[in-house]
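Subject: Structure handover and findings

Hello,

The structure we spoke about is below. My notes on it follow, grouped by topic.

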Amino acid sequence: MNNLIRLKGQLNEKKNLSTPGQSSFSANRGTSVEKLISLKEDLQQLYIRWSNDKILEGALVSVFYDRIVPKSKRIKTLLSKGSELSNNSIRGAKFSENGEKHIITHFVSLENIKINIEKLNTAIYIMNKCFDNYIDNEKLKKINDYKSIIEKNNMSKSTFINVVTDACNVEKFGILDDTKNLNIDTIINLYEIDMSVESLMNKIGITNNDYTKIDNNVIKFKNLKSLNTFTNNVPYLISMSTTNISQYNYYDCTAEISDCPTMTIRDPKNEPVIGVIDTLFDQSVYFNKWVEYYDLVDENIPKSSKDYEHGTSITSIIVDGPSFNPQYEDGCGNFRVRHFGVAVRGKNSSITIIKNIERVVEENPDIHVWNLSLGSELEINPNFISPEAALLDRIQCEKNVIFVIAGTNDNDDTLKKKIGSPADSINALVVNALNFSGEIPSYARKGNVLSFFNKPDISYYGGDKNGAFITCVGTGVKPGIGTSYAAPWISRKMSYLIDVMGLTREIAKALIIDSATSWNYINDENSEFIGFGKVPTHINNIINSNDDEIKFYIEGTSNLYDTYTHNIPVPLYKDKYPFIAKATLCYFPKCSRNQGVDYTNTELDIYFGRIDNNGNIKSINQNIQSEGNELGIKEKEARQFYRKWDNVKHITQILKSNIRPKQKYDNVLWGLSIKSKERLEKRDGEGIKFGVVITLKEINGVNRMSEFINQCSLRGWLVNKVDIKNRIDIYNTAQEEVKFD
């Protein structure tokens, strides 16, 4: 096998020098006077509605678009005031019930609505006078002919263009109502309305004792009376809601275990520590010296022996899983565990668990990998991320940690159920299960998250009714099946890569995901269950590559629009490139739950491939989003095919039977480009770290690793082989206690 290679060298950066041009319509589209009149009437009704509201100091206006729109096609001038951008007033985003259209909610002043009614009135007059009641791109070309008429009506040419192009993409303005299925177990998110929660509650007669404030604009009512008072007065302030009760039940296993080895273990030394957040831990097990245990469940909650089984089973796999499951020896050794019991079997409070998770991560900064095999029976919401997942995403953005999360199980074996919280965490590594034959088991639940985020990320063995993992609990061995038991095997691998091999979490996550993909990878309906694919059992097959493959990684930090290199020397043979390629990009963006379906704030887009004669990277997946061709790609397709806004991107070329070497251009080098885009006006992605794992496969089966290393060295790259034995020696040396005489 070939070693993984680290390429370290200078990555260039440049700003986005292109400036937005005049707004235009999408192809074959335009705006009619009738559309402008309809939108004006919508705003007039909303002005009357909000003028009569005595509580809200402003207006919530939802924009119902006619499709899923990119940022460039959101309204720019409508709902804006002066030089203020419409994007700044956004308070939430959802998809329509069929998932085909955007609904974006703004918070604006009443004066703003009046101003925009006048804008539409003026635009209607100009349309009637100059454009025969309809305008499209052809008529926009003649806009200068009517500049004087437009300006006589106290409107600039650019404002008129923005009004009519904005209107083209909008079906209507209205108010959303999200008061369905509310009860005192509901966690409610409020729209940001420039008023504190305390002031709002005081206005409608609800005291501080009637509700719990979980976070900014996140509350839970303590009694039905206060909930009813709220919904009777300000139901329009509910941007999203979810249940506070998380039902943590596990897939029951009736499989029998035979030939279980006698379980003993040496005392721990300085092995890496993995954090486990789960149900309680039984300290009578044989490996108890390897576990620091903290019981965080309220002492007033009754506890039975069943409450200790799941958590103890999970920790047994992390500490010593291969010893009693030798057929799944992963080469990672043993791990110490810091186990935090935060739940019991059955119903638990999401609020309590959220607070406990935040506290234990904050208080244990030495832990880089956290295993979370708890999961809700309730399905995720198609329009927003769960509070638990949002917390995990924030923690992973701010801290140098990663959560490995079980993809949850379907006890009804329907194969139709969506995954449950917190498996909708975007930054986490979410693991679904396969049976021991590598097939999708009956208990599998499926993604995607917010319609297009590729969750679960990967899959691993979890067994089924015909075969189970051996785990250890206080009473002896216990069979375990389900995603709960797949996740800890991945946690072991992640901790090995980060804590033993010394890799960043970005590269470690990319390696895990990349190892699950094949040269025939297709994102099909099975991806909803298995993610990018099954992770290999042994760590060697994750780190190293086949003799006919060159696997290397590059890591960097995105500070400007484009972070790139045009300096990757892919070996030639007979003046052509005898390779196909694949690449996996991972990063941990800041996310905004109050933005709903538009959840991730930063988009990193990957381009990798040959450099053509115009100096552009000819990406292996034909990605042209950032090459001035955005008009040819609809937002829905960009999200589906190029994973736009997804923080994991895998691009690949398919290995076909008739594959041929690729032609070289005048520039014989290949390039890598990571382009950054922001959803919001502020730049949250500045300084965001990323990791890219790239694999080149020689189509004739020839090992060209030495040639690649030599050429990289000549091009100024610092080339390091990631040798497992050397890294282990370095780790062991670093962990030795130094004794001074």
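Helices and strands are DSSP runs, of at least four residues (H or I) for a helix and at least two (E) for a strand, and they are numbered from the N terminus. Please keep in mind that this is a predicted model.

Backbone points

Under that naming, Asn 154 sits in the loop that links α4 (147–152) to α5 (157–168). Its phi is near 60°, which is a positive value in a residue other than glycine. Asn 154 is exposed, at a relative accessible area of 76%.

Thr 408 also has a positive phi, near 70°, and is likewise a residue other than glycine. Thr 408 belongs to the loop between β19 and β20. Is Thr 408 buried or exposed? With a relative accessibility of 4%, Thr 408 counts as buried, since the cut-off for buried is under 20%.

The loop between β19 (402–406) and β20 (429–434) also holds Pro 422. The peptide bond leading from Ser 421 to Pro 422 is cis, and its omega is near 5°. Another cis peptide bond runs from Gly 447 to Asn 448, again with omega near 5°. Asn 448 is in the loop between β20 and β21 (458–461).

Helix pairs

Two packed helices are described by the angle between their axes and the distance between the axes.

For α1 (residues 33–51) and α2 (residues 110–130), the axes come within 9 Å and cross at roughly 160°. Angles over 145 degrees count as roughly antiparallel, and α1 and α2 are therefore roughly antiparallel to each other. Their crossing is left-handed. On the α1 side the contact includes Val 33, Leu 36, Leu 43, Tyr 47 and Trp 50; on the α2 side, Leu 110, Ile 113, Ile 117, Leu 120 and Met 127 are among the residues that meet α1. By class, the residues of this contact between α1 and α2 comprise 14 nonpolar, five polar and two charged.

The other pair is α9 (residues 350–363) with α10 (residues 387–398), which pack at an angle of about 10° with axes 10 Å apart. That makes α9 and α10 roughly parallel. From α9, the contact uses Ser 350, Ile 354, Ile 357, Glu 358 and Val 361; from α10, it uses Pro 387, Glu 388, Leu 391, Leu 392, Arg 394 and Ile 395. The contact of α9 with α10 has seven nonpolar, one polar and three charged residues.

Helix α7

In α7 (residues 224–233), the buried residues are Ser 226, Leu 227, Phe 230 and Thr 231. Seen down the axis of α7, they fall within an arc of 130°, so they line one face of the helix. Lys 225 and Asn 232, on the other side of α7, are exposed. Among the elements covering the buried residues of α7 are β9 (186–190), α6 (197–203), β11 (218–221) and β12 (238–243).

Asn 647

Asn 647 is in the loop between α15 (635–641) and β30 (648–652). Its relative accessible area is 0%, so Asn 647 is buried. Which residues does Asn 647 touch, not counting those up to four places away in sequence? They are Ile 426, Asn 427, Lys 509, Leu 585, Cys 586, Tyr 587 and Pro 589. Val 473 is 174 residues from Asn 647 in sequence, and their C-alpha atoms are 37 Å apart in space.

Regards

Key:
Residues numbered from 1 in each chain as written. Predicted model: local features only at pLDDT ≥ 70, side-chain atom pairs only at ≥ 80, totals over all residues. Heavy atoms only, no water. Axes fitted to C-alpha atoms, helices over the stretch in contact; angles between N-to-C directions. Parallel < 35°, antiparallel > 145°, perpendicular 65-115°, else oblique. Left-handed = near helix turned anticlockwise from the far one by under 90°. Contact = heavy atoms within 4.5 Å. Nonpolar A, V, L, I, M, F, W, Y, C, P; charged D, E, K, R; others polar. Buried < 20%, exposed > 50% of the residue type's maximum accessible area, 1.4 Å probe, protein only. Arc of directions from axis to C-beta.
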